[in-house]
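Student: I'd like to take a close look at a single part of this model with you. Could you walk me through it in one connected answer?

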Amino acid sequence: MICLLALLPLGLTTFKLQAGESAEVLVQKMVSRDKELVRHRALYTYTAGETREKLDDDSKVISSSYEEVKVRGDKSPDYKTRSNKGMEADLKQVAREEPFNILNIISHYNYTLVGSETWGNTPCFKIKFTPKGDQTYHNREEKVANELEGYLWIAKTDYSLVRNTGKLTKPVSVAWFFATVQELEFSFQSKPLPNGELGPSQIQYRFRVQVLFVQIHERHTRVIKNYDLTSLL
């Protein structure tokens with residue numbers, strides 16, 4: 001069990017960029033901080049609301065569905081395994097699953113510090129990431145993620161990830177070349193938890209996939225709310 005002292009509010013000390021501290025160093029510090037925050041969030045329960053929207057060619061909503069589940073921070077929600085009952089069943093399952101975290105393959109990108117920017121009253125380092133190219137992958141999610149570019153907003157106070165956006169740089173073939181991810185864009189936003197640390201607030205991604213003669217265009221939005229510590233005490 002993590003010591004409850006770890007849940008006390010953070011101090012307001014601001015870390016200054018040290019001489020010679022590169023964008024890569026800042027990203028590594030952000031990854032280390034993220035691992036620490038994940039351990040702290042294990043003490044919470046929260047509600048995850050999943051909205052799945054089917055879109056037309058102009059990104060207008062054709063239909064939508066919503067599902068809500070209560071989650072323990074130390075356990076992933078059990079949505080069962082893929083049903084193998086067709087594409088629609090698989091897409092419904094995908095909307096429920098945890099989105100792929102690019103922090104798992106942080107070494108697959110190049111980084112450039114482009115400046116400073118305040119987001120949600122938090123002063124941040126703004127860092128651009130671009131794909132290195134020709135990186136290995138272990139599944140289709142990693143293969144697609146290898147071709148993403150975007151931005152990271154890292155808090156100057158403690159290196160927490162405040163915001164993350166990205167998009168696909170080129171189409172990627174998956175599933176033995178029967179499917180091609182033509183477009184993908186995503187955004188991540190954080191918010192203060194009851195202990196003052198930052199935690200996930202919203203994760204949204206839109207994708208357009210061509211499967212033989214069928215096009216799939218959807219937007220999935222996960223809103224994380226109602227962080228609660230008392231239910232686990």
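Student: Is Glu 53 buried or exposed, and which residues does Glu 53 touch?

Tutor: Happy to. A word on the ground rules: this is a predicted model, in which local features need pLDDT of at least 70 and side-chain atom pairs count only at pLDDT 80 or more, while totals for chains, interfaces and linings use all residues. Residues are numbered from 1 along each chain as its sequence is written, and side-chain values use heavy atoms, with hydrogens and water left out.

Glu 53 is buried, because its relative accessible area is 15%; buried means under 20%, exposed over 50%, and partly exposed in between, with a 1.4 Å probe and protein chains only. Glu 53 lies in strand β1, which covers residues 45–55. Helices (H or I, at least four residues) and strands (E, at least two) are DSSP runs, numbered from the N terminus.

Now for the surroundings. Leaving aside residues up to four places away in sequence, Glu 53 touches Val 61, Ser 63, Ser 64, His 217, Glu 218 and Arg 219, where contact means heavy atoms within 4.5 Å. His 217 is 164 residues from Glu 53 along the chain, yet their C-alpha atoms are separated by 8.7 Å. With Arg 219, the side chain of Glu 53 makes a side-chain to side-chain polar contact at 2.7 Å. Such a contact is a pair of N or O atoms within 3.5 Å; within protein, one must be able to donate a hydrogen and the other to accept it, and residues adjacent in sequence count only if both atoms are side-chain atoms.

Stepping back to the whole chain, there are three helices and ten strands, arranged along the sequence as α-β-β-α-β-β-α-β-β-β-β-β-β. Of the 233 residues, 41% are buried. Among contacts with a separation of 6 or more, 56% join residues 24 or more positions apart.

For contrast, look at Phe 178, in the loop between β7 (172–174) and β8 (179–192). Phe 178 counts as exposed because its relative accessibility is 54%.
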